[in-house]
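The following paragraphs go through this model one region at a time. Keep the structure in view while reading.

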Amino acid sequence: MEGTFTVVTDSVRAMFIRVGEFLPALLGAIVILIVGWIAGKVFQQILARFLKLIRLDDLSERLQIAEFLRRGEIRFTLSELIGIFLYWLVILAFVLAALNALGLTMAAALLERILNFVPNVLAGVIMLVLGLFLGALVSGVVQTAAANFGIGQAKALSQIARVV
């Protein structure tokens, strides 16, 4: 009976030692996540205000990006959307740091691969915005030229040019 008691107490003692060794890393990860959340919110607000200050939302209205977002039932302005994107980028970076602090290298490596994909998504969004801008520009030129030449279907031609 005494041998069983020793085995149980040794197991419980080993568990508490492991928990004691892991607790500082866990608290550090929690602190990292809290700082990341605060930093993400601050950066989001600063970027959104800066983009509104330089009138990005007005530009998005003229380029019909805002209308595109409304049709997609997105209730944020372009400035707010970019701010939200930055917020989640900061959060993911701090989650990566927290995973590294916990020693979860496999999860950190997976998240790092996801973060490395972000520039490709950003480039795609920029290309989409430029495509919308150029489509609107070409559409206006085609409609004006067709109307000046007396073509009755100027509006239809301009829509075709926009899509192309």
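**A walk through the helices**

Ser60 has a relative accessible area of 4%, so this residue is buried. The model described here is a predicted one. Ser60 belongs to helix α2, which runs over residues 56-62. Setting aside neighbours within four places in sequence, Ser60 is in contact with Ile65, Ala66 and Leu78.

Ser139 sits in helix α5, residues 105-148. Its relative accessibility is 3%, below the 20% limit, and therefore Ser139 counts as buried. The side chain of Ser139 reaches the backbone oxygen of Ser158 at 3.2 Å. Ser158 is also among the residues that Ser139 touches, together with Gln159 and Arg162, when residues up to four places away in sequence are not counted.

Helix α5 has 44 residues and spans 65 Å from its first C-alpha to its last, close to the 64 Å expected at 1.5 Å a residue. Which residues of α5 are buried? They are Ala108, Leu111, Leu115, Val118, Gly135, Ser139 and Ala146. These buried residues pack against α4 (78-102) and α6 (154-163). Just after α5, Gly150 takes a positive phi of about 80 degrees.

Helix α1 covers residues 2-53. One of its residues is Leu27, which has a relative accessible area of 49% and is therefore partly exposed. Leu27 is part of a nonpolar patch on the surface, formed with Phe22, Leu23, Leu26, Ile30, Ile34, Trp37, Ile38, Val42, Phe43 and Ile46. Together the residues of this patch have about 1,000 Å² of accessible area.

Charged side chains come next. The model has 6 salt bridges. One of them joins the side chains of Asp10 and Arg13, with an N to O distance of 3.0 Å. Both residues lie in helix α1, 3 residues apart, which is about one turn of the helix. An α-helix has 3.6 residues a turn, so residues three or four places apart point the same way. Asp10 is partly exposed at 38% relative accessibility, and Arg13 is partly exposed at 49%.

Glu67 is partly exposed, with a relative accessible area of 34%. Arg71, at 59%, is over the 50% limit and so counts as exposed. Glu67 and Arg71 also take part in a network of salt bridges that includes Glu61 and Arg70.

The side chains of Glu80 and Lys52 meet at 3.3 Å, N to O. This pair links distant parts of the chain, with Glu80 in helix α4 and Lys52 in helix α1, 28 residues apart. How exposed are the two partners, and what relative accessibility does Glu80 have? Glu80 has 26% relative accessibility and counts as partly exposed. Lys52 counts as partly exposed as well, at 41%.

Note on methods: Residues numbered from 1 in each chain as written. Predicted model: local features only at pLDDT ≥ 70, side-chain atom pairs only at ≥ 80, totals over all residues. Heavy atoms only, no water. Helix = DSSP H or I, 4+ residues; strand = E, 2+ residues; numbered from the N terminus. Buried < 20%, exposed > 50% of the residue type's maximum accessible area, 1.4 Å probe, protein only. Polar contact = N/O pair within 3.5 Å; in protein donor to acceptor, adjacent residues only side chain to side chain. Contact = heavy atoms within 4.5 Å. Patch = residues over 30% accessible without salt bridge, like charges linked within 9 Å, V, L, I, M, F, W, Y side chains within 5 Å. Areas by Shrake-Rupley, 256 points an atom, 1.4 Å probe, with all protein chains shown as cover. Salt bridge = Lys/Arg side-chain N within 4 Å of Asp/Glu carboxyl O. Expected span 1.5 Å × (residues − 1).
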